[in-house]
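Please keep the sequence and the structure open while reading.

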Amino acid sequence: MTLQQAELPEPSDDARAASDALTQVIAAEIAARGGWMSFARYMELALYAPGLGYYSGGSHKFGGHQSGGDFLTAPELTPLYAQALARQVAQILAASSPVVMEAGAGSGKLAADMLLALAALGCAPKCYRILELSGELRARQQATLAEQAPQFADRVEWLDELPEHYSGCLIGNEVLDAMPTHALRWEADDAGEVGEPRMLERGVGLSDGRLVEAEEPAHGALLAAAQAMPLLAPYRGEISLAARAWVSELARRLKQGAMLLIDYGLPRHELYHPLRDGGTLRCHYRHRVHEDPFWFPGLSDITSHVDFTAVAEAGFDAGLDVLGYTSQANFLLNCGIGELLGRKVGAGDDPKVVQSKANMADLRARGAVNVLISPNEMGELFKVIALGRGMPGPLLGFARADRVHAL
Ligand SMILES: C[S@@+](CC[C@H](N)C(=O)[O-])C[C@H]1O[C@@H](n2cnc3c(N)ncnc32)[C@H](O)[C@@H]1O
């Protein structure tokens with residue numbers, strides 16, 4: 001056990017039992033596969049195995065310390081996030097079709113706030129579709145929407161598969177980072193030169209019945225993807241073929257409109273860089289970050305940074321235009337989050353009056369917006385990319401400080 005693990009809160013007996021059951025499912029599959037499975041398959045089971053995976057089982061997941069959650073996402077922090085994003089979504093809907101599709105809707109908070117914000121802008125969508133892998137989360141989303149935006153109940157539908165074609169706006173907030181990623185190790189040649197590095201795929205094997213990291217030579221699509229990366233060795237890193245395939249499928253099916261993908265990540269030349277030679281695989285448990293994906297499988301979220309160059313390429317190859325790429329802070333400021341906050345807390349009034357009016361809700365709103373846009377918090381780590389087809393004119397969210405050139 002590492003020091004980091006020693007500091008993690010003890011899981012309950014029920015949580016341990018669920019994790020043991022999942023570990024047995026994984027171990028049985030490893031044995032059936034001849035003793036090894038890719039890290040991507042492991043992550044898929046750890047997060048999405050029916051009834052037992054992190055997202056498909058009963059863990060609390062989203063929410064603050066007190067609520068027993070593991071992490072907070074932007075929509076959970078404040079409705080101002082959805083309100084700012086809604087201004088961009090409204091522009092896209094007006095130029096395409098009044099339909100929103102949200103992928104990976106989590107607790108349903110963004111869906112509820114987005115519907116209310118779009119209605120306030122006078123452009124409630126005809127239909128709000130949700131693509132969600134987890135049955136447990138789908139039920140949670142239904143409950144959130146019934147409680148917070150019941151007037152839109154008849155406009156929301158859950159899709160069981162990707163639509164053949166769609167128009168309007170697709171939103172994916174922190175979805176790509178939750179997709180199974182392959183893990184690799186680039187090994188320098190015998191002379192210690194980067195020249196022709198050996199590409200090894202890191203996966204999962206069994207040792208005395210325990211899950212352990214085990215390597216095999218990389219091959220096929222993964223090897224091809226690794227060979228297209230900057231030359232690095234020695235280096236450990238991740239490549240999410242699943243995220244690329246997903247963007248490419250949804251991009252191909254988009255007839256008119258745009259995809260807005262928001263996540264933590266970097267352009268390829270910054271992500272695959274000696275500064276990140278340990279990769280970006282991280283696990284989240286009760287607001288602690290740890291680096292052992294085999295610690296009680298199914299109890300921690302597992303994520304890795306998004307390669308935004310790969311996302312742009314997948315869209316571009318499917319015939320989409322890269323409409324914008326910037327930091328979350330720039331995007332939200334371009335969408336007017338400062339003004340939305342000002343309206344909420346009465347900025348512009350006499351400062352003394354503002355102070356006397358200040359209440360806990362105002363302080364929380366200011367704090368939340370600070371987290372969303374501060375470069376030391378989410379503002380710089382998170383990026384927004386827009387990929388679109390048939391969209392006239394520039395998008396509001398990228399009006400200033402667009403960084404498409406950096407991809
Ligand atoms: C980190 S959570 C983010 C949830 C929410 N968007 C938010 O920001 O609070 C990741 C979400 O993506 C979903 N997800 C992962 N892969 C998906 C896929 N291929 N299609 C649809 N949803 C997916 C998960 O089930 C989960 O709801």
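A disulfide is taken here as a pair of cysteine sulfur atoms within 2.5 Å. The model is predicted, and local features need pLDDT of at least 70, side-chain atom pairs count only at pLDDT 80 or more, while totals for chains, interfaces and linings use all residues. Residues are numbered from 1 along each chain as its sequence is written, and side-chain values use heavy atoms, with hydrogens and water left out.

## Cysteines

A search of the whole structure finds zero disulfides. The sulfur of C123 has its closest cysteine sulfur in C169, 11 Å away, which is too far for a bond. Burial is given as relative accessible area (buried under 20%, exposed over 50%, partly exposed in between, with a 1.4 Å probe and protein chains only).

| Residue | Relative accessible area | Class |
|---|---|---|
| C123 | 24% | partly exposed |
| C283 | 2% | buried |
| C335 | 1% | buried |
| H182 | 16% | buried |

Helices (H or I, at least four residues) and strands (E, at least two) are DSSP runs numbered from the N terminus. In these terms, C335 is found in the loop between α12 (328-334) and α13 (337-345). Contact means heavy atoms within 4.5 Å; not counting residues up to four places away in sequence, C335 touches A84, R87, Q88, L396 and G397. By contrast, C335 and L200 are separated by 43 Å, C-alpha to C-alpha, and by 135 residues in sequence.

## Aromatic pairs

Rings of Phe, Tyr and Trp (its six-membered ring) pair if their centres lie within 6.5 Å, and the planes count as stacked when under 30 degrees apart, as edge-to-face when over 60 and as tilted otherwise. By this criterion, a search of the whole structure finds eleven aromatic pairs. One of them joins F39 and Y42, a tilted pair with 5.7 Å from centre to centre and 50° between the planes. Both residues belong to helix α3 (residues 39-48), where F39 and Y42 are three residues apart, about one turn of the helix. F39 and Y42 are both buried, and ring pairs link F39, Y42 and F294 into a cluster.

How are the rings of W186 and Y235 arranged? Their centres are 5.2 Å apart and their planes stand at 80°, so the pair is edge-to-face. This pair links distant parts of the chain, with W186 in strand β6 (residues 182-187) and Y235 in strand β9 (residues 235-239), 49 residues apart. W186 and Y235 are both buried.

## Strands β6 and β9

Two strands pair if DSSP finds at least two bridges between them. Strands β6 and β9 run antiparallel and are joined by five bridges, one of which sets A183 against its partner E238 in β9. Strand β9 is mostly covered, with four of its five residues buried. H182 lies in strand β6, and its contacts, leaving aside neighbours within four places in sequence, include G237, E238 and I239 as well as S38, A40 and E201.

## The three-stranded sheet

An open sheet of three strands has the order β12-β11-β13, with antiparallel pairing. Its edge strands are β12 (288-290) and β13 (301-303), each of which pairs on one side only. Neighbouring strands of this sheet are turned by 30° against each other on average, direction ignored, where axes are lines fitted to C-alpha atoms, for helices over the stretch in contact, and angles run from 0 to 180 degrees between N-to-C directions. Three bridges join strand β11 (residues 282-285) to β13 in the antiparallel sense, and C283 stands opposite I302 in β13.

## Helix α11

Is helix α11 mostly covered or mostly exposed? Helix α11 (residues 308-317) is mostly covered, since seven of its ten residues are buried, among them F308, V311 and A314. The elements that cover these buried residues include α9 (241-253), β10 (254-266), β15 (321-327) and β16 (382-389). At the start of α11, a side-chain oxygen of D307 reaches to within 3.0 Å of the backbone nitrogen of T309. The helix is followed by G319, whose phi is positive, near 90°.

Terms used. A polar contact is a pair of N or O atoms within 3.5 Å; within protein, one must be able to donate a hydrogen and the other to accept it, and residues adjacent in sequence count only if both atoms are side-chain atoms.
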